[in-house]
Every structure is written in C-alpha cells, then in structure tokens.
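Trainee: I am new to this structure and would like to learn how to read it. Could you walk me through it step by step?

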Amino acid sequence: MQKKIVLLGSGELGKEFVIAAQRIGQTVIAVDSYANAPAMQVAHGFEVINMLDGDALDAVIAKHKPDFIVPEIEAIRTERFYDYEKQGITVVPSAKAANFTMNRKAIRDLAAKDLGLRTANYRYATSADELQKAVAEVGMPCVVKPLMSSSGKGQSTIKTQDDIEKAWKYAVEGSRGDVVEVIVEAFVNFNSEITLLTVTQNNNPTLFCSPIGHRQERGDYQESWQPANVTDAALAEAQDMARKVTEALGGAGIFGVEFFLTDEGVYFSELSPRPHDTGMVTLAGTQNFNEFELHLRAILSLPIAEITLEKAGASAVILATDTSDSPTFTGVEKIAALPKTDFRLFGKPTTRPYRRMGVALVSDSVDTPVEGIIEKAKAAAALVTVNK
Ligand SMILES: Nc1ncnc2c1ncn2[C@@H]1O[C@H](COP(=O)(O)OP(=O)(O)OP(=O)(O)O)[C@@H](O)[C@H]1O
Ligand SMILES: [Mg+2]
C-alpha cells in the first residue's frame, strides 16, 4: 500500500491531493514548471521541468520510477503516457483519458460522434477563412476556443460578422499548441451549469457526487456550490452521460464532468479526468470525502462504499489584482472570525491579475438554501486582499 506517485502539475488542486496522500502515508514527487509551486511545498520531493517537453518528462519518470502518474493539468506531453502505461506505470485515470482531454477535438468527437451525447453544434477551423465558414454553419452567437487551452484562454464569443477576425486573432494568442486550431460552438443559452464529480473505481461501481453549481467569469470559476439545484430528470441524464464518457476513457479516479442545463435538456460540455476547480467546494466539508480524497482512494483501489452529502456549502475565489513576486494578504483575521467559514491560501510565490490565490469556504446544515451560503462565501472572500 506504500506507493510512489509523480504528480504532474503542482497548483492548489495538486496541493490538496498531496495532503490527502500524505495523510495515508504515500510518497509524492511534485512536478511543475516553476519552483516552490503549492503542491511542492507539501510533497516529499519536486522536479522543475517543462512538462510539454517529452524528453524532460521521460527523464523524470525514469529517475523516480513511480507506481502512479497523476496529472493535475492538461498542458503535458500526454502522448508519452501510452509508453508509461506499457512500462507498467498506472497513468491516472488512464493514458487515454489524459491524452483525449488535452485536446478539445478528441474529447468532443468521442462524446458527440462516438457516444452520441448531446453537445452544442460545433465545427473546427485552422484559419480565419475556415472560421468564417464554420461560423456560417453553426450560426451566431457562437463561442470560439483554441483546441489546446484552458481557463478560458483565447476564448471569445462571436455575436456579429465583425467579431470573427478578432476572435481568430485572440484564439491564436491564447493557444498552447504548436498548431493553431479552434473549435466553434453554438452558444448554449443555459439556465445553469454544473460539474458532476464522477468517481470510477477498479473493482467497485461508479459513484456520483451531488452536483456542483458554478458561475464563470473570463473563463474561470468565481463561486461554486453544492448541492446545485437540478431536477431528478436532468440529474439522471447527466449521470448517464458521465457514466458513458468516463467508461469510454477508462481507469479509476475522479472526473469533473461539465454540463449545461437548458429547457431542452442537458448538454455535455467538457470534462477533467482529475479533481475539478469547482470541486474545491468539497473542502468546506460538504461530503464524507472531499474530491481529493476520493481521487486518491480510487487510484489506490481502496473501495469507496458511498459518497454522502453532509452539508450544503459554497466556495468563492480570492484573486490577485496585480503582479507581484512577494504577495501578502490582509483581512485574514476577518475571514477567520466568521462562523461556518474556512479558507485556503495556496502559497503561490507570485501573482498576476486575476491569479487565484485562495478560496473562501462556507458551509451549513444540509437543508440550508444554498443561495444564502453563496452570498456568505462571496462576502468572506471579499474580506481578503492580495497585496503587491
Ligand atoms: N458553447 C457555449 N455556450 C455557452 N457558454 C459556453 C460555451 N462554451 C463555454 N461556455 C462558457 O465558458 C466557460 C468555459 O468554457 P470551457 O469549460 O469549455 O473552457 P475551459 O477553458 O476549458 O475552462 P476550464 O478549463 O476552466 O474548465 C463555460 O464554463 C461556460 O460558462
Ligand atoms: Mg470548463
């Protein structure tokens, strides 16, 4: 049961995962592109490499010979994961899951074409001219996203013909890959959006967490809450889709499956084969196990009998406003003094505008209406200021 884990990506989600692993005696080497990243601060060892560099990645894996490779981000040379699997290393949840979700095309075609899940109507484009044609086909308004990007980078909405050229340029700037290609999706006029945390297990059934609602701005989540208000019919539809897509990707671990809820039914949007940022709400103690503990247990093949909702809760992000290489916080005693409130400060060594530096967590008894809890979490987060 004493396993060695190489964690690829060392942000706040990785940090909570490492803490969960440390609590049951696992060994973790945390990797990222810069030193002193949050998860490195709590791991046994660390490596600083460019994870898109396949040879650098190979060297780290050869050096540490882990039992598990746990990706925390998408921007990794995931093609190499298939080799690691052949070497007998378990890539979490699977090489296929990590590789398919690195590129929006692979996961979208799998969901829409192979599995027949309902998604926004979509096309791909590799030039401004192709984008013109694609927009004509899906109609306006529509959303343009680089195939390789996350956290809303390079993403914009086209409302009029004049926006198309701008959207192409913006996508090129925000793209992470060497080849620039975009997906154009019809704008889904959703009533709400949810993350359905889905846990696949090696020898036990797939389990679902209570749905998490969230609000996005600039492509990043601002508040998340659990439970989200979802009808039984919509929840059943989302669970069915989540089961299909996680089964197709394979492996054991937690997945954050994103959906749009509309009057016409549930739309599959995308998924993370790992803990989801909106799932930080589970750090408020909303469940018997938080999303990081669930991920770890599934990876280690420790049976999870059930996932129970213990409280209603909300999280609200604490963002930086400036660039700094020695950030400090004020207002921490104020948030600390609030009842039913907790917080995390991630320990990121530098800031830039809108960088997520911490999170406020509020919970209450499970029947409490979540709207009031969200307001409390927002107010709590607003008490903390990140200084230059
Ligand atoms: N087709 C669409 N219609 C309406 N809104 C959309 C559409 N696609 C994306 N959005 C909005 O933009 C947000 C971010 O989109 P998406 O999740 O695809 O991007 P991302 O960059 O992968 O974000 P992250 O990595 O943070 O999850 C969505 O949560 C949703 O609010
Ligand atoms: Mg998303």
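Trainee: In which sense do β7 and β9 pair, and over how many bridges?

Mentor: The general idea is that strands of a sheet pair through backbone hydrogen bonds, and the pairing can be parallel or antiparallel. This is a predicted model, and in it β7 and β9 run antiparallel, with five bridges between them. To see one position in that pairing, look at Lys 145, which faces Ile 183 in β9.

Trainee: Which residue of β9 is the bridge partner of Tyr 122?

Mentor: That is Glu 185. The strand pair behind this is β6 (residues 122–125) and β9, joined antiparallel by four bridges.

Trainee: How many residues of strand β9 are buried?

Mentor: Burial is read by counting C-beta atoms around a residue: 20 or more others within 10 Å make it buried, 12 or fewer make it exposed, and anything in between is partly exposed. In β9 (residues 182–186), four of the five residues are buried, so the strand is largely enclosed by the rest of the structure.

Trainee: Let's turn to the ligand. Which residues come nearest to ligand 1?

Mentor: There are 18 residues around ligand 1, and the nearest are Ala 120, Ser 150, Glu 185, Val 188 and Gln 216.

Trainee: How do the residues of the shell around ligand 1 divide into nonpolar, polar and charged?

Mentor: Four are nonpolar, eight are polar and six are charged.

Trainee: From which domains does the shell draw at least three residues each?

Mentor: From domain 2 (121–186) and from domain 3 (192–387). The domain assignment also gives a domain 1, covering 4–91. Taken over C-alpha atoms, the centres of domain 2 and domain 3 are 28 Å apart.

Trainee: Is Glu 258 buried or exposed?

Mentor: Glu 258 counts as buried because it has 21 C-beta neighbours inside 10 Å. This residue sits in strand β14 (residues 253–262). Setting aside residues up to four places away in sequence, Glu 258 touches Glu 193, Thr 195, Ser 269, Glu 270 and Leu 271.

Trainee: And why does Glu 270 count as partly exposed?

Mentor: Glu 270 has 17 C-beta neighbours inside 10 Å, so it counts as partly exposed. Glu 270 belongs to strand β15. Beyond its neighbours within four places in sequence, its contacts are Arg 104, Ile 107 and Glu 258.

Trainee: How many residues of β19 are buried?

Mentor: Eight of its 10 residues are buried, and the strand is mostly covered. β19 pairs antiparallel with β16 (residues 311–319) over nine bridges, and five bridges join it, also antiparallel, to β18. Gly 358 of β19 ties the picture together: it is the bridge partner of Ile 318 and stands opposite Leu 345.

Trainee: In what order do the five strands of the parallel sheet come?

Mentor: This open sheet runs β3-β2-β1-β4-β5, with parallel pairing. Each of the edge strands, β3 (45–48) and β5 (90–91), has a single partner strand, so one side of each is left without a neighbour in the sheet. Further in, four bridges join β1 (residues 4–8) to β4 (residues 68–71) in parallel, with Leu 7 opposite Val 70.

Terms used. Residues numbered from 1 in each chain as written. Chains lettered and ligands numbered in written order. Predicted model: local features only at pLDDT ≥ 70, side-chain atom pairs only at ≥ 80, totals over all residues. Near = placed C-beta within 6 Å. Nonpolar A, V, L, I, M, F, W, Y, C, P; charged D, E, K, R; others polar. Domains from an automatic or database assignment. Helix = DSSP H or I, 4+ residues; strand = E, 2+ residues; numbered from the N terminus. Contact = placed C-beta atoms within 7 Å. Pairing = 2+ DSSP bridges.
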